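The stops below say what to pick next and what to look for.

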Amino acid sequence: MNMRPLHGIQVLDVSSFLAGPVAAMQLGDMGAAVIKIEPPGGDLARGWSPFLNGEGRYFLGWNRNKRGMVLDLTKPESREVLHELVRRSDVLIENFRLGVTKRLGMDYETLREINPRLIYASSTAFGSRGPDAARPGYDPVLQCLGGVAHLNARHNGGTPAIASVAVSDFQAAMQIVMGVCAALYHRERTGEGQKIETSLLQAVMAVQSHHFVEGLDCEQDGGLGIFPYQLFPTSDSLIFIAAGTDKFWRLLCEALGEAELGRDPRYSTNGQRVAHADELRERLGPLLVARSTAEWQNLLITAGVPCGAVQTHKEFFADRQVIAMGQDLVVEHPGAGRLRMSGMTVDFEKTPGTLGRAAPRLGEHTREILEELGLKMDILSSKETS
């Protein structure tokens, strides 16, 4: 059996909701031994519906490949257990608001004295410095402030809209994973641990880096966007056509039976097409509503034009390519039974990741982990371990 990339690395996940847990899950997918530490009431994401036999689907989707234990870090005995775990761990991930980790005895300054090799990954909404460092925030807040909602107005009849996918949270998770792996590489060379930080503010800018390029010595020219790069009505539903290059534009026009339009010098570049987008939509619209989405998708794929029908998650889960890519895995959960889940996000030739376990039930492995530490169950109160 091939050893996974992060075999031998232990991660303490003391985070909640999305960015931190997803980052820890990704590290677990790559072979790290992840322990999720929750307060007695559990990660608040456990309470988000819908539920599968009482287990929150959001939590199940963000916390696989982890063992779970309960610690009430407001109590000295639980902090002692955490410190013992820190001595034996490589990475800790947290996303508390500023000042909370100090009160709980798990700030970086405290933990690096216990384990100087520790990689301490911190994620906040607005960062750890500046006038808004203590400001609370979730992904939709940063989508609004960061321009995402404003940008979505182009596809929502002029009204700003929030993307349903938590773009800044998921990007922050990727930045945590990237930072942890880079810090582990640095530690491999020097023996030094370190603190790494990211934020939803940095993440929402990272996913839109092209929009934040501003010329200081010249003016911008040309319209914003790509055309055609949008949803179009068909006879029965919608299809997204992404003819984002001059070549794809010509191929699209040929597939529509309008080869001359594709050769028209007035529309030969994307800038020209953006400038004439309204008139081109009027030209393309009647052609596209003449056939169904399925017909157009087959024709355009055959012609080599990027496109896609609007589908539900369930429909996509049954897609032949999803199955061929091994993105439809099944895992057993002690409470919810068999669960279908999306697969690994990175394929390693030599050290492939695996779906080893479902998300833990609250406190499921508390006893097991305490025994590994050589500690008795009664070190914690019954409330903490129930």
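Strands here are DSSP runs of E with at least two residues, helices are runs of H or I with at least four, and both are numbered from the N terminus. This is a predicted model: local features need pLDDT of at least 70, side-chain atom pairs count only at pLDDT 80 or more, and totals for chains, interfaces and linings use all residues. Residues are numbered from 1 along each chain as its sequence is written, and side-chain values use heavy atoms, with hydrogens and water left out.

**Stop 1: K36**

Select K36. It lies in strand β2. Is K36 buried or exposed? K36 is buried, with a relative accessible area of 0%. (Buried means under 20% relative accessible area, exposed over 50%, partly exposed in between, using a 1.4 Å probe and protein chains only.)

Now show what surrounds K36. Beyond its neighbours within four places in sequence, K36 is in contact with residues including D13, D43, F59, R67 and M69. Contact means heavy atoms within 4.5 Å. Pick N63 next: its side chain makes a polar contact of 3.3 Å with that of K36. The C-alpha atoms of L12 and K36 are 6.1 Å apart, although 24 residues separate the two along the chain.

**Stop 2: the parallel sheet**

Select residues 10–13 and 33–38. These are β1 and β2, which run parallel and are joined by 4 bridges. Two strands pair if DSSP finds at least two bridges between them. V11 has V34 in β2 as its bridge partner.

Widen the view. The open sheet has 6 strands with parallel pairing, in the order β5-β2-β1-β6-β7-β8. Neighbouring strands are turned by 20° against each other on average, direction ignored. Axes are lines fitted to C-alpha atoms, for helices over the stretch in contact, and angles run from 0 to 180 degrees between N-to-C directions.

**Stop 3: the antiparallel sheet**

Which strands form the other sheet? They are β9, β10 and β11, in the order β9-β10-β11, with antiparallel pairing. β9 (229–233) and β11 (307–309) each have a single partner strand, so one side of each is left without a neighbour in the sheet.

Finish on P233, which stands opposite L238 in β10.

Technical notes. A polar contact is a pair of N or O atoms within 3.5 Å; within protein, one must be able to donate a hydrogen and the other to accept it, and residues adjacent in sequence count only if both atoms are side-chain atoms.
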